[in-house]
Amino acid sequence: MNSFIDFISFKDPNVIYVVLGMVFINSSSVLIGTFAYLRKRSLIGDAVAHSLLPGLCLGYILAGEKDITYLFLGAFVTGWLSTYLVDYIVNKTKVKQDAAIGIVLSGFFFFFVVLLTYIQKNAAGNQGGLDHFLFGQAAAINKQEVMLFAIVCIAILLSIMIFYRWLISVSFNMDFAASMGLPVKAIEFLITSLTVLAIATGIQALGVILTAALVITPAAAARFWTHNLRWMLVLAVSISVISGIGGAYVSYIKSGMPTGPWVVLFLSLITLMSFSFSTRKGILASYLKARKNKAKILHENILKAIYQHHEQLEAEGELDYSLMSSEILKIRLFDTTELLKGLRNLKRKGFIREDNKMFSLTAEGKKESRRIVRLHRLWEQYLLKRTTIDTDHVHAGAEVIEHILSPEIERELEIELGIEGIPKEDY
Amino acid sequence: MKSSIEVHNLTTAYGGAPVLWDIDFQLPTGQIIGIIGPNGSGKTTLLKTIMGLLDPASGFVKVFDQPLDKVREKVAYVPQRESVDWDFPASVYDVVMMGRYRKYNLFKRTKDPDREIVLQSIEKVGLSEFKDRQISRLSGGQQQRVFVARALAQGADLYLMDEPFVGVDAATENSILNLLSEMKNEGKTVVIIHHDLQTVSDYFDYLLLLNTRLIARGTPAEVLTKENLTNAYGGQLTLLSKVVNLIKQNEFPIREKDSDV
Ligand SMILES: Nc1ncnc2c1ncn2[C@@H]1O[C@H](COP(=O)(O)OP(=O)(O)OP(=O)(O)O)[C@@H](O)[C@H]1O
Ligand SMILES: [Mg+2]
């Protein structure tokens, strides 16, 4: 616990740099990555990240040492070139985008290996550290670098705020944006440049592969939770920043633990959770929904059976009889455990009451059972009148539908059929 | 009468084979104009070339007697519905608002008149109750109407629509049609790619019949002759496509660029 307090109180000044570094790097790549995600360029992060490597080497060779400006410029040029090449290949040939990215990515990576070998053989002095770009070295982030990360992050944030309308228009429907006279080419250039910029800053701290993950994954996770792009951006940034700080924390308490992989591990966990638990498409949500529907159908069927029981005794006017669960089973073949569970739930909801194993409808229950039966019969009548359906199929056809008919549709059915009250089963 | 669109000697190709070949026509203003032709006959390509989304191999296009760039604000384009991913995180309102994003108003805040126009456009296509709904949660016909609303929001004089009636039920088709004739009464020109030959003579004042070449143009009565239709849809078609295939195989140039402009 102590170490946690030490961590959040930044007792070690290095921690501040690492945390701030994570905040800026992750925000940058997510902000622009969200647009890559929306434009279905999910693999572009990988292409760019790998293509930066030969640029870094070139920068190193030109400068003769590890000069951050040269490295950065070199990386920017080759990174940018790679996205241009991908688009060129896609536009000019029949090669699909994923294949084009694969070609470009491996081509640039090969180039990197050649250059790295050259440097190791020839360059004098301290070439160590270039291989850090492969895996990153977040713990070594210093003040200068934090400043650079901050500037890049602010630049990206501002660009997105300024060009927001164009960015969404182009991302959603490029042809339309072009038909409106928007400078589509320039906007694409902007998106590409910002993507390369974001990845180039991240690669030093997190390495090639991990930075690529930061571009798309948070956006994909955030998409599960919201339909609103602004919220999606906020959420994606939060997810990424939380993962970043989580990674920094783990490597703080367990010295020797690398930051980057932990960042991505946290990120993957959050994504997995989004996939499972989100309200939109999540597995859990659809499971719960299915369960809820099943319960609803069961409850309504029980109420309907009780109504039908009264109907047989010509007492549907009052609906006042009490009956045993076995009598309900005579009307409709329920699974016994299901039936008992349903009765319990209906009791809890105040639709029926139980007196010495005898069940009867409450006022609410009477209302509800009339409503269900009515919907069922209205729908049967409608099917009979408006479609060609055999009378012996009508009942089955209405059986499912009655549970989903909304009050508006009920009104329409009423008007269309000119029926009030509950029709009898008279076909 | 002024022409809404003038297309002169237009040839467009993707790579080798021409998809549009020496197309020449002038379209009237203030009418509802249909473009018909079999699948793959270049209808979409024609609209895209007119909108400047594709560069022609030769020839030129004029809109209201001017180059498109001069009159862009007067032209609205409705792409084919399948051309976008409807899972995009935006509401109906957001998408229709895109019809207001111009080059010059990037830095201006959205003003009340813009909002008004957007809401009116949504209302015209009958989607008011869905205006805040995420676009993936609309039916195909409703999505189509979102596209029409976005074009309406542009407040243009000329509308180019790529198959607005696809996946739309009869009731919606009728309401869009009413909207179109309203627009026509306001003097606007509407060009529509259409597939259903049954309805063309009811819907359109003027027709283009296309199959790589322009087969016929004029009033429905003039265009919908048996001969024209066989030329476009059967018989002769095979010959034309054979020639096109030949060009594709041999990577034969269709013509030298701008040789006859
Ligand atoms: N991006 C593309 N690259 C290569 N060929 C293309 C491309 N788009 C269309 N084509 C080809 O051009 C021809 C005309 O296509 P177009 O989409 O204009 O036809 P269409 O008349 O709109 O057809 P449909 O009725 O199916 O919409 C087709 O043969 C098609 O295969
Ligand atoms: Mg088409």
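**Exercise 1. The main core**

Which residues have the most contacts inside the largest nonpolar core?

*Solution.* Start with the term: a nonpolar core is a set of buried Ala, Val, Leu, Ile, Met, Phe, Trp, Tyr and Cys residues joined through side-chain atoms within 4.5 Å. Buried means under 20% relative accessible area, with a 1.4 Å probe and protein chains only; exposed means over 50%, and partly exposed lies in between. In this predicted model, the largest such core has 135 residues, and A:F172, B:Y159 and B:L180 have the most contacts inside it. Next, look at the contributors: helix α10 of chain A (residues 184-206) gives the largest share, 12 residues. Finally, a separate core of 27 residues lies apart from it, including B:V71 and B:L158.

Before going on, a word on conventions. Residues are numbered from 1 along each chain as its sequence is written, while chains are lettered from A and ligands numbered from 1 in the order in which they are written. Local features need pLDDT of at least 70, side-chain atom pairs count only at pLDDT 80 or more, and totals for chains, interfaces and linings use all residues, while side-chain values use heavy atoms, leaving out hydrogens and water.

**Exercise 2. Around B:L180**

Find the residues that B:L180 touches, not counting those up to four places away in sequence.

*Solution.* Apply the contact criterion, heavy atoms within 4.5 Å. The list is then B:I32, B:M161, B:F165, B:V190 and B:I192.

**Exercise 3. The sheet of chain B**

What is the strand order of the open six-stranded sheet, and why is one side of β5 and of β9 left without a neighbour?

*Solution.* Take strands as DSSP runs of E, at least two residues, and helices as runs of H or I, at least four, numbered from the N terminus. Two strands pair if DSSP finds at least two bridges between them. The order in chain B is β5-β6-β7-β3-β8-β9, with mixed pairing. β5 (75-78) and β9 (213-218) stand at the edges with a single partner strand each, so one side of each has no neighbour in the sheet. For β5, four bridges join it to the parallel strand β6 (residues 158-162), and B:A76 stands opposite B:Y159.

**Exercise 4. A helix on the sheet**

Which strands does helix α5 of chain B touch?

*Solution.* Helix α5 (residues 140-153) packs on the sheet against β5 and β6 of chain B. Its direction makes about 170 degrees with that of β5(B), using lines fitted to C-alpha atoms (for helices over the stretch in contact) and angles from 0 to 180 degrees between N-to-C directions.
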